[in-house]
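Biologist: Please go through this model with me. I would like each label set against its definition.

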Amino acid sequence: MTNTIKKVPLLVPLVLVMAILAVSTDTFLSTGNLENVLVAAAILAIPGIAMTFCLAMGEFDLSIGSTVSLAGVACCSALIAGQPLAFSLVVALGVGALIGLANGVVITKLGVTPFIATLATMVIVRGASLAYTDGHDQIVSSPGLKYLVAGRPLGVPMPIVLAVVLAALGWWTINRTRFGRWVCAIGSNREAARMSGLPVDRIRIAVYVLVGLSGGLWGLLISSQLQKGNGQLGLGFELDAITVVVLGGTALLGGRASIVGTVLGALMIETIRNGLNLLNTPPAYQRISVGLLLIAALALLALRRREKRGTKPNRVPARVQESAA
Amino acid sequence: MSTQTMTEKPSEKAVTGRSSKVSLGRLWDTWGVTALLVLLLLCTPAIAPGFLEIENLQSVLRESAYVGIVAVGMTFAIASGAFDLSVGGQLALTSVVTLMAFNGGGTAAAVAAAITTGLLCGLVNAGLITRLRVPPFVATLGSLFVFRGIAYLLTQDGPQTLPYEHVDSPFAKIGSLNVAGLPVPFLIMVAVFAAGWVLMRRTAIGRRTLAYGSSPSAARFCGISDTRIRLFVFVLVGLTVGIAALTYITRVWTADGSAQDGFELKVIAAVVLGGTALKGGKGTLIGTFSAVFLVSVLNEVLVSQGVESAYQRIVLGCVLIVALTIDGLRTRFASPGSFRRALRPTS
């Protein structure tokens, strides 16, 4: 039990927050509300899972928010043009994958730092989305697209199904496959990974394509929720995606990844947002609380790291004292 | 492998005469963006005839001032190997507090409030990083949310504004006055850049910041204190935000929590475009200065050509990638032995 808590430090605060909300509001524990929280968390966890790979590699992708917008626009305009649903979905995912590929190539082959490269694609893709829509909403009413968010295979909301499948896949990839090992190896020391013969550039490109794909899927989910696509969709989403991963305990400098943590991070953020809504607090508090949460999580991590380091030299005397007492 | 490079190194140096190559690279580091800016300015009369009119130039200078001032602080931060992602939140919060102070106590109170709020924001960041040991990236990402949130809270009943009857107050004049044809915000910006340059090149703390940026552990072994560097850098960023807020708020006259969304990326882009290395250890204020104007002149030219704002973004993003690609390729080919490494397929 203590081992689980140590591995997933977010578990305790999450349960705590849920308990507080369960006591202080009478609506939090209603099935309808819990389902809302879970669906919102699922939608946020999907890009979080891909972003976990990116951060495990020690890099960021800032362009995911713009990808959401362009993918949503691509899908909606394909539907408006009378294309079949399957084609529209593929177009949206393809747009995401292409943006990821562009990021990966610019970063690995042209040697631009990830932060700046994805910052630039973020601006470019957002511009493309705004230019294509000319500032208008692309409104669709497609029951097929709606199914992505509102559908219930076996009575479970579709986003939750997607998130669970993807989280399982992500967990398996990062913990049980060669690719996952490679990603973490690059994160802990890229030069060493290169020296030991890993196809570093190809792995990095693959991860960016993965993040792009998840951005495309995120865009589809958001467009499915709103039944529209426009150039303003997904503003600031990149910070959400990164926050979720960092909250989950994936090391910021790479080398370690926790998919379970990411999923819990998404749950935590959406629980707090939901709780603050239920308590009728102004939206400003939501921002503040997410910010404080982020700082607190990292401060706790740092504190524990320091404690560990501090106790190391005199660990033996401490044990001796304990046994003596 | 290692012995091979050991033996090859000197010969390569002798054959290619690396010293001249490095100095050319150095020249590009400091003056490359400035050269691009001059090139762009030389082209503008042909593309946009109205651009060189005095009024237009003044407005460009005025618009660039607040980005430029914060970019000075950010150059220090990035040179020390850290980002400050919270500058947008700081600017929003400082602007709101400044307007509240002005409406309560006049010009002196407003100026004092701007500087104090900026410094306090910087102190909060520095405290999070040095006391709580949160990595700068996350600490400032978190405080970005917090500062913006507080600014939203303070403006729940509508944005703070500068009432029109105060148009002749010394405070409002900061944004509108020209001295010898030069807008005051621009003069403030030049002063901040000059002070920043002296601080970076002529003082111990500036040198230490650069040293810390190029290798924190080496700097630590030399007796440079992390705490002091972090404190210096983040308080400096706060101070520049305080000064920038004065020129910003007297320009737009209104502020709420959403003021200047995405400001941090604008500032970081300018600093990096100017040639300051993201890895730290290398900072060039001349480059930052030119990069700020490169972006705003390019913007202005695009506007005058009737290019829509959506396409402006695309162009700016491409400029950023091209500039950084040149830099990336240059550093890749400039270090010894890297030529072969770059040509060799990595997979």
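**Labels and their grounds**

Biologist: Why is Gly206(B) called partly exposed?

Modeller: Gly206(B) has 19 other C-beta atoms within 10 Å. A residue is buried with 20 or more other C-beta atoms within 10 Å of its own, exposed with 12 or fewer, and partly exposed in between, with C-beta atoms placed from the backbone; therefore Gly206(B) is partly exposed. The model is predicted: local features need pLDDT of at least 70, side-chain atom pairs count only at pLDDT 80 or more, and totals for chains, interfaces and linings use all residues. Residues are numbered from 1 along each chain as its sequence is written, and chains are lettered from A and ligands numbered from 1 in the order in which they are written.

Biologist: What is Gly206(B) in contact with, leaving aside its neighbours within four places in sequence?

Modeller: Leu199(B), Met200(B) and Arg201(B); contact requires C-beta atoms, placed from the backbone, within 7 Å.

Biologist: Which helix holds Gly206(B)?

Modeller: Helix H8 of chain B, residues 204-214. Helices are DSSP runs (H or I, at least four residues), numbered from the N terminus.

Biologist: How many residues does each chain give to the contact between chain A and chain B?

Modeller: Chain A gives 40 and chain B gives 42. On the chain A side, 29 are nonpolar, five polar and six charged. Nonpolar covers Ala, Val, Leu, Ile, Met, Phe, Trp, Tyr, Cys and Pro; charged covers Asp, Glu, Lys and Arg; the others, Gly among them, are polar.

Terms used: Two residues are in contact if their C-beta atoms, placed from the backbone, lie within 7 Å. Helices (H or I, at least four residues) and strands (E, at least two) are DSSP runs, numbered from the N terminus.
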